[in-house]
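Take a look at the structure below.

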Amino acid sequence: MGTAPTPATDSPSVLDRNSLHPDCTNCFALCCTALGFSRSADFAVDKPAGSPCRNLAADFSCTIHGALRPRGFRGCAVFDCFGAGQRVSQDLFGGISWAAEAESGRNMFAAFNTARQLHEMLWYLIEAQDRTFDPEARQRAGRLRMMIEAALGSGVQRLLGLDVKEVHASVRAVLIDISEEVRMSYSAAGREHLDAGLAPGADLIGRNLRSRRLCGADLRGAYLIAADLRFSDLSGADLLGADLRDARLDGADLSRSLYLTQGQLDAAGGSRATRLPADLTLPGHWEGG
Ligand code: SF4
């Protein structure tokens, strides 16, 4: 049974979003080994968790890296570990790979699964803390950041004992509260989404939302697969966990959207005309990328 989260301390957070980008050169290909996949449109073969992918080379590189999409491994091209791979490989396991010892490898894979979730939560919390004007909400987000950072720095065994579900519930609550505050601040900018059936978890697959003012829309967990969002304004729109696979984002303004990740962008289509948040980059497969 997991332990309760470590109480927050007064020490400042040290991880910014720059620390939450993957650095595959300092990782033992943990996403290619620790995780399990079923054969699907995103991953061409079945792969059990805790075993190396058949395309993984001995030096931890991917033998089909330049052809992931055409070879049926699009999920790999969009996967984002939020920097957990290098943290686990280098900080928690001192640069000794899972290939060196089986027992250590099992712990490393488990630690990666936990650290990846925690790093993702940090990604969102940093933005939430930055976007809120409510001092109390900012403090709540800050305390959670410090608690998560403390857990990540507490050693492998304590990390593996963490009750991640409990942490996740606390993080989710503060993210939703801050989303509500941010989205309400955009109410004067446009509320076209209110009568368009746009809601958390909505099925918007293939929906034509081109050139719409979606400012402040709550699209958390929405299915926007292949939706046409070209030239739409998504300022203040909550995109937490929204499925943007093959969504069309050419000319869309995402620069002030909430809780967007690089993986979501990488799964979508767009161009240099798409306006992105400062922490995210133009995907390589986009026009101009
Ligand atoms: S296809 Fe390449 S990137 Fe994807 S899991 Fe296998 S080795 Fe890793």
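Helices (H or I, at least four residues) and strands (E, at least two) are DSSP runs, numbered from the N terminus. This is a predicted model, in which local features need pLDDT of at least 70 and side-chain atom pairs count only at pLDDT 80 or more, while totals for chains, interfaces and linings use all residues. Residues are numbered from 1 along each chain as its sequence is written, and side-chain values use heavy atoms, with hydrogens and water left out.

Start with Asn26, which lies in the segment before α1 (74-78). Buried means under 20% relative accessible area, exposed over 50%, and partly exposed in between (1.4 Å probe, protein chains only). Asn26 counts as partly exposed because its relative accessibility is 34%. Contact means heavy atoms within 4.5 Å. Beyond its neighbours within four places in sequence, Asn26 is in contact with Gly85, Gln86, Ser89 and Gln90.

Now turn to the interior. In soluble globular proteins, nonpolar side chains tend to be buried together. A nonpolar core is a set of buried Ala, Val, Leu, Ile, Met, Phe, Trp, Tyr and Cys residues joined through side-chain atoms within 4.5 Å. The largest one here has 77 residues, and Leu30, Val88, Ile148, Leu219, Leu224 and Leu249 have the most contacts inside it. Helices that each supply at least two of its residues include α2 (84-92), α3 (102-131) and α4 (135-152). The largest share, 13 residues, comes from α3.

Leu30 shows some of this packing: leaving aside neighbours within four places in sequence, Leu30 is in contact with residues including Gly85, Val88, Trp98 and Phe112.
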